[in-house]
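Hello,

Here is the structure for you to look through. My notes follow below it.

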Amino acid sequence: MENKLSRTEKRKALNYATLLNAGKTLFSENGFQNTTIKDITDYADVGYGTFYLYFDSKEALLEKAVDEFAQNLIEYKSVRTIKGLSIRDRMYYGTKDILEFIYENRKFVKMVCMLSVSDSKLVTIADSVWSRIFERMFSDHSYFIKKGYNKESISLDSASWKIYGWTLKGIIEGIVSNDLQEEEIDQLSRIYADMNFFTFIREEVQEQER
């Protein structure tokens, strides 16, 4: 029999989610440094003291927001659940999923990335965003290597770091700075995926898909 939450537990869960969403919204719109705890509680329409029932500090809320961002990125339209796609299309949709998610959350990503400039104490939180994006990309790409589709001279680690370092970070930075628009994501995803397909996938596997 499924356990039901009590009224108190439901209220606590609602307060937590409301405060977390309020913090994410205000951080994204106004910046982390320009947002106070009172701003967050006012926006969430809860008492000031309620904040400290769920978070020790503004930084603690930010860390939870980054964790939620990372989990949502992992779950966002994961191409690993799509059957019947070619390797090239899996790469394309995997890239597109990441870039679409970044576009939908570009204000939040930009805010977090700027933390390393404005506050040295928060550099690790900013770095964790890039690490989580990398982990998502790394897990998608590892599928092809585990299947033996990659060129033998390329390891999982070196392939993933090269993919990450070459252009993906630059594309994401273009999205969060508004230099790239939503309608460009599809084309960039195809170009980026094709680059990886022809660079890392064995020639005989490429031939099978032509």
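Phenylalanine 108 has 6% relative accessibility, so this residue counts as buried (buried means under 20% relative accessible area, exposed over 50%, partly exposed in between, with a 1.4 Å probe and protein chains only). Phenylalanine 69 is buried too, at 4%.

This is a predicted model: local features need pLDDT of at least 70, side-chain atom pairs count only at pLDDT 80 or more, and totals for chains, interfaces and linings use all residues. Residues are numbered from 1 along each chain as its sequence is written, and side-chain values use heavy atoms, without hydrogens and water.

Now the rings. Rings of Phe, Tyr and Trp (its six-membered ring) pair if their centres lie within 6.5 Å; planes under 30 degrees apart are stacked, over 60 edge-to-face, the rest tilted. That rule gives 10 aromatic pairs. In one of them, the centres of phenylalanine 69 and phenylalanine 108 are 5.8 Å apart and the planes are at 40°, so the pair is tilted. Phenylalanine 69 lies in helix α3 (residues 58-75) and phenylalanine 108 in helix α5 (residues 106-118), 39 residues apart. Ring pairs also join Tyr16, Tyr48, Phe51, Tyr52 and Phe55 into a cluster.

Which charged residue sits over phenylalanine 32? Lysine 58 does, with its charged end 4.4 Å from the ring centre (NZ of Lys or CZ of Arg within 6 Å of the ring centre and within 35 degrees of the ring normal).

Overall, the protein has 9 helices and 0 strands (DSSP runs, numbered from the N terminus: H or I for helices, at least four residues; E for strands, at least two). Buried residues make up 43% of its 210 residues.

Best wishes
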